[in-house]
Amino acid sequence: MSAHIDPKKGTRGATDNATGVAALLLLAELLKDYNGDRLLEIAAFNGEDYLVPGQMDYLNKNQGRFDTIILNINIDGAGYREGKSAFSFFDLPEPLRAVADDVLARFDGITEGVQWYQGDHSMFVQQGRPAIAVSSQWFLDNSGSQDITHTPKDNMDIVDCGKIVEIAEALNWLIREWEERS
């Protein structure tokens, strides 16, 4: 599970990506009693948009081990006040996809999003690993025209904190139910 830390000068980085880190931390809290067979790894990367030192370090330290990573869940651009949260799926195995569909159906504020590659989940997809990228549907719909990312407009006024809680709860259920069904 991952999110990145890299606010730009002159911006608070609320949706890029304080909300992703907040959802990741909340998910970690919800999973504190997890005792399943799968090892859960939480990574807060740095530098997603430029030098990517965190991602490069992760790739280097995990060369030859990517086949043991069964899924990446990346949270980036989550919690925007307009629209739903979007879960985009990349090459999920059928049993996991079935669990994801069942869990997401329980949450009115979450929808399936289109695939997008401008995030940390891409390094896992490029290594042939399945991924779920979590964002805001509004950002996916307006990625080419929005003027929020990397500007002073990316502040807490545009965030719905309830959406961050809903994302963490959905991911908690997804992880636990996948463990039960496997």
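Asp91 sits in the loop between S4 and H3, and in this predicted model the phi of Asp91 is near 55°, a positive value in a residue other than glycine. The residue is exposed, with a relative accessible area of 63%.

**Backbone geometry**

- His150, which is likewise not a glycine, has a positive phi of about 65°, and this residue is placed in the loop between helix H5 (137-141) and H6.
- With a relative accessibility of 32%, His150 counts as partly exposed, whereas Asp91, at 63%, is exposed.
- The peptide bond that joins Asp16 and Asn17 is cis, with omega about 10°; Asn17 is found in helix H1, and both Asp16 and Asn17 are among the buried residues of that helix.

**Helix H1 against helix H6**

- The axes of H1 and H6 come within 9 Å and cross at roughly 45°, and that makes H1 oblique to H6.
- H1 passes H6 in a right-handed crossing.
- From H1, the residues Thr19, Ala22, Ala23, Leu26, Leu27 and Leu30 take part, and they meet Ile164, Val165, Ile167, Ala168, Glu169, Leu171, Asn172, Ile175 and Arg176 in H6.
- By residue class, this contact of H1 with H6 divides into 11 nonpolar, two polar and two charged residues.

**Helix H3 against helix H6**

- Helix H3 (residues 94-104) and helix H6 (residues 161-181) have axes that come within 9 Å and cross at roughly 140°; H3 and H6 are therefore oblique to each other.
- The crossing in which H3 passes H6 is right-handed.
- On the H3 side the contact is made by Leu96, Ala98, Val99, Ala100, Asp102 and Val103, and on the H6 side by Ala170, Trp173, Leu174, Glu177, Trp178 and Arg181.
- The residues of this contact of H3 with H6 comprise nine nonpolar and three charged residues, with no polar ones.

**Nonpolar cores**

- The largest nonpolar core has 32 residues, and those with the most contacts inside it are Ile73, Phe87, Ile132, Val134 and Leu171.
- At least two residues of this core are supplied by each of helix H1 (14-30), strand S3 (72-75), strand S4 (85-90), H3, strand S6 (131-136) and H6, and the largest share, eight residues, comes from H6.
- Ile132, leaving aside its neighbours within four places in sequence, is in contact with Leu71, Asn72, Ile73, Asn74, Phe87, Ser88, Phe89, Leu92 and Leu174.
- A second, separate core of eight residues includes Tyr58, Leu59, Ile69 and Met123.

**Buried residues in loops**

- Phe66 is found in the loop between helix H2 (53-61) and S3, and at 4% relative accessibility this residue counts as buried.
- When neighbours within four places in sequence are left aside, Phe66 is in contact with Tyr58, Leu59, Met123, Phe124, Gln127 and Arg129; of these, Tyr58, Leu59 and Met123 are included in the second core.
- Phe66 and Val159 are 93 residues apart along the chain, and their C-alpha atoms are separated by 34 Å.
- Tyr80 lies in the loop between S3 and S4 and is also buried, with a relative accessible area of 3%.
- Tyr80 and Phe139, although 59 residues apart in sequence, are 7.9 Å apart in space, C-alpha to C-alpha.
- Not counting residues up to four places away in sequence, Tyr80 touches Ser136, Trp138, Phe139, Ile148, Ile158 and Lys163; among these, Ser136 belongs to the range of strand S6 (131-136), while Phe139 falls in that of helix H5 (137-141).

Conventions. Residues are numbered from 1 along each chain as its sequence is written. This is a predicted model: local features need pLDDT of at least 70, side-chain atom pairs count only at pLDDT 80 or more; totals for chains, interfaces and linings use all residues. Side-chain values use heavy atoms; hydrogens and water are left out. Axes are lines fitted to C-alpha atoms, for helices over the stretch in contact, and angles run from 0 to 180 degrees between N-to-C directions. Helices (H or I, at least four residues) and strands (E, at least two) are DSSP runs, numbered from the N terminus. Angles under 35 degrees count as roughly parallel, over 145 as roughly antiparallel, 65 to 115 as roughly perpendicular and the rest as oblique. A crossing is left-handed if the near helix is turned anticlockwise from the far one by less than a right angle, and right-handed if clockwise. Contact means heavy atoms within 4.5 Å. Ala, Val, Leu, Ile, Met, Phe, Trp, Tyr, Cys and Pro count as nonpolar, Asp, Glu, Lys and Arg as charged, and the others, Gly among them, as polar. A nonpolar core is a set of buried Ala, Val, Leu, Ile, Met, Phe, Trp, Tyr and Cys residues joined through side-chain atoms within 4.5 Å. Buried means under 20% relative accessible area, exposed over 50%, partly exposed in between (1.4 Å probe, protein chains only).
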